[in-house]
Amino acid sequence: MWKKQLFSPGPTPVPERVLLAMAQPLIHHRDPAYEGIFQEVREGLKYVFQTEQDVLVLASSGTGAMEAAVVNTLSSGDGVLVVRGGKFGERWGEICEAYGLRVVPLDVTWGEAVDPMLVERTLEADPSIRAVLVQACETSTGVLHPVKELAEVVRGREGTILVVDAISALGAVDLPMDRWGIDVMVAGSQKALMLPPGLAFVALSEKAWGFVGRSNLPRYYFDLSQERSSQQKNQSHFTPAISLVVGLRESLRMIREEGLQQVFRRHELLARATREAVVAMGLELLAPEAPSPSLTAIKVPQGVDGAGLKRSLEEEFGLVVAGGQGPLKGKIIRIAHMGYFQPADVLQVIAALEVQLKRMGYPIELGKGVRAAQEVFAS
Ligand SMILES: Cc1ncc(COP(=O)(O)O)c(C=O)c1O
C-alpha cells in the first residue's frame, strides 16, 4: 500500500476541505445558490489577482485561457513579441502562429530569465508590436521572469499590451496586476489554487479591454465580452464546471484565511529550503539566478538516470515529482512546492531524494540536504 503524494508542478495536492466541498451533491448553475457561490468566487479571484477588474472563469485547462487572451485582444497579422525561454513560452508562439499573427521570438536560454532591456530594445526597433507575451513562472525550467520590470517597459506604450501567463505563479508569487500594470493575466486551477485541473482564469486591464473592441480574430467558446456580461450577473455563458467552482470557493477561502502575503512568504520559505537542500547535496539548480517560489528544477547529476530517479521516487516513496520537458527530458527533475505545501513536505521529498541518489551510486552523505532545509526552517 502506498500513500501517493504529488510534488509535480501541476496538478498539485488538493486540500481535504476542497475535496469535501466538491463532494457535495451537485446544484444547478441557474439556481440562486450557485449565483451566491459564484459571486463569492469572483470576489476571491479579484483578491488573488490583486485587481479591480473582473476575473473571468472558463471551463478549460490553462491553455484555453492563453488562447482566449490571444484571440480576444489581437488581430490577424499583428506583430507579437513572444518570450521563449521554455516549453510554455513556445506555447505562446504556437497559439499566435495558429491565428496568423506575426511572431517575433525573443529566445532565452532555458533556465534563465528574460532581460527586460532586450524587450525594450525590440519594442523600440519594431513599434508595430501589439503585445508582449511571457510566463510569470516558466514551469518547464522553474524560472521566474521579471514581470514587474516588463510591465514598466510596456506600460507607457499605447499600442502594446503585456500578456502574462501566471498559470504556475498566481497564488504563489506576488503579482499585483493593477499596481504593476499587467494588461492580461491568465491562470489555471491545478497549481497554487489547489484544485483539480479544469478551470482557467483571465483578467484584462482597461487598456486590454480597449484592444478587445478592435480585435478581429475568430472566437466562439472563448468570447470574453460575452463571458464578462454573463459573469457580471454571476452566471456564465455556457455550462460552468460547477463542482470545480464550488471547490474554488473553498480554496479561495483558505487563501484569504492565511492572507495573501503570508501565502507568498510560505512559498518563498519552502522554495528557499528546497534550494538550500539541493545545493548542500552537491546538486545544481537549473535556474540559480531567477528561481521561482513555485517549483525547483534540479539538474540530474552525471551518471544518474533521470527517468529512473523520478520513477524510483514514486515506486519506493510514493512521491510523484516531474521530469524535464523537451530538451530537458531526462536531464532535470522538478519538485513543486506550490499550493497545499508545508515544511514537512519539503523535508520528506529531500530525504527521499537523498536515499534514491545514494542507491543510484551518487556520492552523498545522507542527511546533508535535510539538514540544510531544517536550518532554513529553524532560523
Ligand atoms: C506556465 C504554464 N503555462 C501553461 C500551462 C498549460 O496549462 P494547461 O496544461 O492547464 O493547459 C502550464 C501547465 O503546466 C504552465 O505551467
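**Close-up views of a predicted model**

**View 1. Buried residues of helix α10.** In α10, the residues L244, V245, V246, G247, L248, E250, S251 and L252 are buried (20 or more other C-beta atoms within 10 Å of the residue's own, with C-beta atoms placed from the backbone; 12 or fewer is exposed, and in between is partly exposed). The model is predicted: local features need pLDDT of at least 70 and side-chain atom pairs count only at pLDDT 80 or more, while totals for chains, interfaces and linings use all residues. Residues are numbered from 1 along each chain as its sequence is written. The cover over the buried residues of α10 includes α1 (16-22), α2 (32-49), β2 (55-59) and β10 (199-204). Helices (H or I, at least four residues) and strands (E, at least two) are DSSP runs, numbered from the N terminus.

**View 2. Helices α3 and α4.** Helix α3 (residues 62-73) packs against helix α4 (residues 87-98) at an angle of about 50°, and their axes are 10 Å apart. Axes are lines fitted to C-alpha atoms, for helices over the stretch in contact, and angles run from 0 to 180 degrees between N-to-C directions. T63, M66, E67 and V70 of α3 meet R91, W92, I95 and C96 of α4 (contact means C-beta atoms, placed from the backbone, within 7 Å).

**View 3. Residue A280.** A280 lies in helix α11 (residues 260-280). A280 counts as buried because it has 20 C-beta neighbours inside 10 Å. Not counting residues up to four places away in sequence, A280 touches K368, G369 and A372. The C-alpha atoms of A280 and T63 are separated by 36 Å, and the two residues are 217 residues apart along the chain.

Technical notes: Contact = placed C-beta atoms within 7 Å.
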